[in-house]
Amino acid sequence: MDIQSTFEMLDKKFTGFGGLEQGGITRLLYSQEWNDAVRELEKTFKEEGLEASFDDIGNLTGRLVGSKYPEETILTGSHIDTVVEGGHLDGQFGILAALVAVKYLKAKHGQPLRSLEVLSLAEEEGSRFPYTFWGSKNFFNLAKKSDVDTIADAEGIKFEDAMRKSGFDYRKTTDVRNDIKAFVEIHIEQGKVLETENKTIGVVNGIVGQKRFTINLKGEANHAGTTPMSLRRDTVVAYSEIVSNLTKRAREIGEPLVLTFGHITLVPNTVNVVPGEITFSVDCRHIDQQILNDFAVEIEDKIKLVAEANSMTYDINLWMDEAPTLMDKKIVQIIEQAAKNNVGNQYKVMPSGAGHDSQIFAQYVPTAMLFVPSIGGISHNISEETKIEDLVKGIEVLSDVLYELAYKE
Ligand SMILES: [Zn+2]
């Protein structure tokens with residue numbers, strides 16, 4: 001069985017569901033295109049000799065039963081939905097790569113010891129309705145009816161109505177599967193790191209934690225002509241000092257710490273008045289909770305210091321504080337070894353700066369991810385692309401990982 005041609009055939013077929021003339025896909029949860037895609041995937045699973053089954057809400061699995069430990073399941077897949085005018089790889093690649101890998105393993109090695117299952121999650125992006133991770137949250141009984149029973153899409157179609165029209169409904173059972181021994185998700189990087197460093201595989205060690213602040217500084221608005229420099233309480237000057245100082249510190253601490261001052265509002269925001277008040281945002285992310293916490297303390301200390309030195313009042317509001325999600329160390333090692341075997345040193349152990357279904361899974365089952373490069377780092381865009389040889393390498397590494405997990409004692 002040839003991995004590349006099998007993948008290309010499947011990719012062409014499924015890109016047809018919601019495929020756009022100019023390229024890319026729009027395939028929103030419970031739309032006709034989504035429905036056609038999941039029904040075709042069910043048919044494809046059956047043709048490949050997998051036991052296909054939907055859960056109540058539309059997550060789909062294709063199962064190859066294990067010979068020795070059928071009650072232990074190795075799960076692999078991603079989400080089937082896309083953003084509006086998204087690419088053909090975000091989500092879809094994770095499902096099709098999993099299917100090709102399982103098909104390849106079955107052809108080469110026959111029945112696994114543990115059960116192998118390909119997973120298509122109903123929804124991750126939150127693109128049609130204001131709700132994200134509907135698929136993975138339902139997998140672990142985390143989504144509630146009250147989360148979605150009042151929401152509608154941009155055209156006013158209610159979530160419930162769209163779901164029922166697709167033939168699905170709310171989750172009926174509160175039971176959560178306890179047979180999952182591992183979840184592995186392959187995904188495009190959606191960033192430029194792998195491409196820039198000329199790597200083929202990203203071995204994901206975790207999904208970054210993030211903190212977001214809104215900061216307000218109050219100085220004094222005054223005449224731009226009659227107020228000498230020594231008598232000013234200029235909040236833009238204070239802001240600049242904070243930005244340059246903390247950016248320098250972030251660089252010193254080094255990767256993968258990122259720091260962004262993305263939004264500012266000035267009062268009065270006019271050409272001939274010393275700016276008396278500023279409100280700005282701070283977004284910082286890191287994979288290590290301690291480093292992130294320590295840096296957050298530095299941020300607060302610096303703001304206080306600069307505000308006091310400039311006779312300003314300050315307000316610091318930390319309104320988002322999400323912990324990093326670490327991937328399972330043992331599976332990360334297996335992925336790293338498989339990457340080494342397939343691409344030598346052309347791999348990089350790295351955190352994911354974006355959110356993925358794996359962050360939900362990691363809270364309940366041993367979970368890990370791998371990335372393939374994105375050309376130009378472009379994603380959530382019809383131009384989203386990855387070199388075919390990189391996609392194939394990704395599938396080969398995934399196959400080796402699944403072999404370790406499902407075929408070995
Ligand atoms: Zn995705």
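This report describes the domains, salt bridges and some local features of a predicted model.

## Basis of the model

The structure is a predicted model, in which local features need pLDDT of at least 70 and side-chain atom pairs count only at pLDDT 80 or more, while totals for chains, interfaces and linings use all residues. Residues are numbered from 1 along each chain as its sequence is written, and side-chain values use heavy atoms, with hydrogens and water left out.

Nine residues from domain 1 and nine residues from domain 2 make up the contact, where contact means heavy atoms within 4.5 Å. The size of an interface is often given as the accessible area lost when the parts come together. Here domain 1 and domain 2 bury about 600 Å² between them, with 65% of it on carbon and sulfur atoms. Buried area is the accessible area (1.4 Å probe) that two parts lose on being put together, summed over both. On the domain 1 side, P324, P351 and G353 lose the most area to domain 2, together 69% of what that side buries.

Across the interface of domain 1 and domain 2 there are zero salt bridges; a salt bridge is a side-chain nitrogen of Lys or Arg within 4 Å of a carboxyl oxygen of Asp or Glu. Two residue pairs between domain 1 and domain 2 are in polar contact, both at pLDDT 80 or more. A polar contact is a pair of N or O atoms within 3.5 Å; within protein, one must be able to donate a hydrogen and the other to accept it, and residues adjacent in sequence count only if both atoms are side-chain atoms. On the side of domain 1 that touches domain 2, β6 (201–207), β14 (325–326) and β15 (347–352) each supply at least two residues. β15 gives the largest share of that side, three residues. Helices (H or I, at least four residues) and strands (E, at least two) are DSSP runs, numbered from the N terminus. By class, the side of domain 1 that touches domain 2 has three nonpolar, five polar and one charged residues. In this scheme Ala, Val, Leu, Ile, Met, Phe, Trp, Tyr, Cys and Pro count as nonpolar, Asp, Glu, Lys and Arg as charged, and the others, Gly among them, as polar.

## Salt bridges

Side chains of opposite charge can pair when their charged atoms come close. The whole structure has 25 salt bridges. One of them joins K172 and D56 (3.8 Å, N to O). K172 is in the loop between α6 (159–165) and β5 (180–188) and D56 in the loop between β1 (51–54) and β2 (60–64), so this pair ties together parts that are 116 residues apart in sequence. K172 is exposed at 65% relative accessibility, whereas D56 is partly exposed at 25%. Buried means under 20% relative accessible area, exposed over 50%, and partly exposed in between (1.4 Å probe, protein chains only).

R63 pairs with D179, the closest N and O atoms being 3.8 Å apart. R63 lies in strand β2 and D179 in the loop between α6 and β5, and both residues are buried. R177 pairs with E117 at 2.8 Å between the closest N and O atoms. R177 is in the loop between α6 and β5 and E117 in strand β4 (residues 114–121), so the pair links parts that are 60 residues apart in sequence. R177 is partly exposed, with a relative accessible area of 31%, while E117 is buried at 1%. Salt bridges that share partners join R63, E117, R177 and D179 into one network.

## Backbone features

Most residues other than glycine have a negative phi, and most peptide bonds are trans. The peptide bond from E255 to P256 is cis, with omega near 5°, and P256 lies in the loop between α8 (235–253) and β9 (258–260). A cis peptide bond also joins V267 and P268, with omega about 5°.

P268 is in the loop between β10 (264–267) and β11 (273–274), and N269 is found in the loop between β10 and β11. N269 has a positive phi of about 60° although it is not a glycine, and N269 is exposed, with a relative accessible area of 57%. F133 has a positive phi near 60°. F133 lies in the loop between β4 and α4 (134–139) and is buried at 11% relative accessible area.
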